[in-house]
Structures are given as C-alpha cells and as structure tokens.
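Have the structure open while you read.

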Amino acid sequence: MHRLCWVPLLAILAEKSAAKTVTKEGIMFPKQSQGKVLQATVVAVGSGSKGKGGEIQPAGVKVGDKVLLPEYGGTKVVLDDKDYFLFRDGDILGKYVD
C-alpha cells in the first residue's frame, strides 16, 4: 500500500472500494445498475474532532479500518492521480469488524 505524506486535520481520509461488477456466479452488472459505493478503507486519520468544551476527541477509526459511508457527502480529494474522500468522524456511519 502506498503511504501518503498528508494528514487531514480533524477529518478522515478514505479510499472508496471498487464497485462490484461481477457476481460470484460470473454474471456481469451493467454500469447503470451498479449502486453507489458505500464501503471504503481509511487511509489517514486526523487528530480527531472538537468536543463541546473545545477539547480534541480522538477519531473512532484508525488507518486500515473498513468503514460504511453515507450515500452523499464527503469532499473529493485527488492525490497521486487517485480519488480519495474526506469525511468528518461523525459522518462515518459504521465500521466493519471481523
């Protein structure tokens, strides 16, 4: 995995997973029937978010976590010709666990 030399401040940088184009049985999905990609891998984490008293709350995810994203939102960032998305910690819907 490529290491980024960039850390988001008070945010989480995620790389969306590729859209599923083929089922386990080998059936290919046409582009128009592919849904939005809502799963991503966290590639960088900022220092956290500010609490009510101004203190920094650590982020609820760490680098390498697989997360569930909202259907809309995030800020697209292009680094080294790859698309990434910035989210606030509170915008992440959940974390996949083994």
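1. Start with Thr75, whose bridge partner in strand 7 is Leu86. That pair belongs to a set of five bridges joining strand 6 to strand 7, and the two strands run antiparallel. Bear in mind throughout that this is a predicted model.

2. Strand 7 (residues 82–87) also pairs with strand 1, again in the antiparallel sense, over three bridges. Look for Ala14 here: its bridge partner in strand 7 is Phe85.

3. Phe85 has something else going on. Lys16 lies over the face of its ring, at 4.2 Å from the ring centre.

4. Now go to the next pairing of strand 1. Strand 1 (residues 12–16) is joined to strand 2 (residues 39–45) by five bridges, and these two run antiparallel. Lys16 turns up again, standing opposite Ala40 in strand 2. The two residues are 24 apart along the chain, yet their C-alpha atoms are separated by 4.0 Å.

5. What about the chain overall? It has zero helices and eight strands, so from the N terminus on, the elements simply read β-β-β-β-β-β-β-β. Of the contacts with a separation of 6 or more, 60% are between residues 24 or more positions apart.

6. Is Ala40 buried or exposed? Ala40 counts as buried because its relative accessibility is 0%, and the cut-off for buried is under 20%. Leaving out residues up to four places away in sequence, Ala40 touches Ala14, Glu15, Lys16 and Ser17 on one stretch of the chain, and Asp65, Lys66, Val67 and Leu69 on another.

7. Thr41, also in strand 2, is worth a look next. Thr41 is buried too, with a relative accessible area of 14%. Setting aside neighbours within four places in sequence, Thr41 is in contact with Leu13, Ala14, Glu15, Gly64, Asp65 and Lys66.

8. Asp65 shows up in both contact lists, for Ala40 and for Thr41. Where does Asp65 sit? You'll find Asp65 in the loop between strand 4 (56–57) and strand 5 (66–68). Despite being a loop residue, Asp65 is buried, because its relative accessible area is 9% and anything under 20% qualifies.

9. What does the Asp65 side chain reach? It gets to the backbone nitrogen of Lys62, at 2.9 Å. Beyond four places in sequence, Asp65 touches Ala40, Thr41, Val42 and Lys95.

10. Last, the surface. Buried residues make up 27% of the 98 residues in the protein chain; Ala40, Thr41 and Asp65 are among them. The chain exposes about 7100 Å², and carbon and sulfur atoms supply 55% of that area.

Terms used: Residues numbered from 1 in each chain as written. Predicted model: local features only at pLDDT ≥ 70, side-chain atom pairs only at ≥ 80, totals over all residues. Heavy atoms only, no water. Lys NZ or Arg CZ within 6 Å of the ring centre and 35° of its normal. Helix = DSSP H or I, 4+ residues; strand = E, 2+ residues; numbered from the N terminus. Buried < 20%, exposed > 50% of the residue type's maximum accessible area, 1.4 Å probe, protein only. Polar contact = N/O pair within 3.5 Å; in protein donor to acceptor, adjacent residues only side chain to side chain. Contact = heavy atoms within 4.5 Å. Areas by Shrake-Rupley, 256 points an atom, 1.4 Å probe, with all protein chains shown as cover. Pairing = 2+ DSSP bridges.
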